[in-house]
Amino acid sequence: MARGGRLGLALGLLLALVLALRAKPTVRKERVVRPDSELGERPPEDNQSFQYDHEAFLGKEDSKTFDQLSPDESKERLGKIVDRIDSDGDGLVTTEELKVWIKRVQKRYIYDNVAKVWKDYDRDKDEKISWEEYKQATYGYYLGNPAEFQDSSDHHTFKKMLPRDERRFKASDLDGDLTATREEFTAFLHPEEFEHMKEIVVLETLEDIDKNGDGFVDQDEYIADMFSHEDNGPEPDWVLSEREQFNDFRDLNKDGKLDKDEIRHWILPQDYDHAQAEARHLVYESDKNKDEMLTKEEILDNWNMFVGSQATNYGEDLTKNHDEL
C-alpha cells in the first residue's frame, strides 16, 4: 500500500474511533466551548508578583523559562515581542493589539498542532492545503477501495464524515478558492476558536446529539451524549443534576427540546473577556502619558510587569519567520 494510502487509512480509522467514542460516551462529556481557557480570573493575591500578567502575555509554559535570562536579555526579547504586537507598525501598541496578542498566545497550542500536521496534508509543498489534498490524505484509501469498507461500520462513518468535512472546509475557506492558508486550515481543524466558524460548531453539535433527526435535542438525547446506561442501573447524581440543568437553564423557551439558538447559548457562552481585561490592565499600568496607547519605551520601562526576569523559548522564535503566530 502506498504511503498516502496508509496515511489516509490510519487517519480514517482514527476518525472512526473518535466518532465511535463520541457516539456512546460512558462518562460525562464537556460540550461547552471556552476560548482562551488557559486565561482564567486574576487571583487577588497576584497584584505584586505579576505572575498572572506574565502568563497572560507569554503563555503559562513559556513564562516559566524566563528565569534563565538576565534583565537586559529579558528587555531585549521583550522589544522584539513589542514589534510583533504592533501589527500596523505605527510605533504604538493599542489595547486591541494587546488583546489580539494575548488571545493568540493563549491559543498557541492550536497553532503548534497545525504546524505538526501541516506537512502531512500540504503534499505539493506550496504552503497551502487544497480540499483535494486534504480529501486524498484523509479519505484517499477509502475512496480508492470502497469494496473493502462496504460491509463495515467504517463505511457509514466515512460516508457521513466526508461531506461534513467538506462543509467545514468551505466554511473556513474565507476567499472561496477551495485552498486553505495556514490560518484557514487552523480554523478548519479548530473551529471553536474562530468567530466565523461558530455556526459550524453549533450545527455539528446538533448533528452529533440529535439521534432521531428531528433537528432538535430533547432531554434524553442531551443526557445520552454524556452518559450511557450500560448496566441499566440508577443514574448517578450528576446525571440527575444535568436533567435539572436542561429544564432550568438549557431549554430557554420551555418546549422540552433545544433548537440551534439554545444550543449556541449552551456551548458558546458569552463569558467575561479575560484577554480584553488583561490588555486594558497592562495599558493602564504602563501608559505614562495617559493617551491610552503604549510606546515601546513605555513597555520597556515597565518590563517587569510584562515579562519580569523570565524568558521564553518563544522569544527565540521571534527572529524567525514564525507562521504559527
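Contact here means heavy atoms within 4.5 Å. The model is predicted. The secondary structure of the protein comes to 17 helices and six strands. Of the 325 residues, 44% are buried. Contacts between residues at least 6 apart in sequence were also examined; 65% of them join residues at least 24 apart.

Helix H6 spans residues 108-121, and helix H9 spans residues 182-189. On the H6 side, the residues that meet H9 are Ile110, Tyr111, Asn113, Val114, Ala115, Val117, Trp118 and Tyr121. On the H9 side, Arg182, Glu183, Phe185, Thr186 and Leu189 take part. By class, this contact of H6 with H9 holds nine nonpolar, two polar and two charged residues. The two helices pack at an angle of about 105 degrees, and their axes lie 10 Å apart. Angles of 65 to 115 degrees count as roughly perpendicular. H6 and H9 are therefore roughly perpendicular to each other.

H6 itself has 14 residues. From the first C-alpha to the last, H6 reaches 20 Å, close to the 20 Å expected at 1.5 Å a residue. H6 also carries a kink of about 30 degrees, centred on Ala115. Ala115 is one of the H6 residues that meet H9. The buried residues in H6 are Arg108, Ile110, Tyr111, Val114, Trp118 and Tyr121. An α-helix has 3.6 residues a turn, so residues three or four places apart point the same way.

H10 contributes Glu199, Val201, Val202, Leu203, Thr205, Leu206 and Ile209 to the contact. Lys260, Ile263, Arg264, Trp266 and Ile267 meet them from H13. The residues of this contact divide into eight nonpolar, one polar and three charged.

H12 runs over residues 237-250. Its buried residues are Val239, Glu242, Arg243, Phe246 and Arg250. At 1.5 Å a residue, the 14 residues of H12 should span 20 Å. The end C-alpha atoms of H12 are 18 Å apart, which agrees.

Definitions and conventions: Residues are numbered from 1 along each chain as its sequence is written. This is a predicted model: local features need pLDDT of at least 70, side-chain atom pairs count only at pLDDT 80 or more; totals for chains, interfaces and linings use all residues. Side-chain values use heavy atoms; hydrogens and water are left out. Axes are lines fitted to C-alpha atoms, for helices over the stretch in contact, and angles run from 0 to 180 degrees between N-to-C directions. Helices (H or I, at least four residues) and strands (E, at least two) are DSSP runs, numbered from the N terminus. Angles under 35 degrees count as roughly parallel, over 145 as roughly antiparallel, 65 to 115 as roughly perpendicular and the rest as oblique. Ala, Val, Leu, Ile, Met, Phe, Trp, Tyr, Cys and Pro count as nonpolar, Asp, Glu, Lys and Arg as charged, and the others, Gly among them, as polar. The expected span of a helix is 1.5 Å times one less than its number of residues. The bend at a residue is the angle between axes fitted to the seven residues ending there and the seven starting there. Buried means under 20% relative accessible area, exposed over 50%, partly exposed in between (1.4 Å probe, protein chains only).
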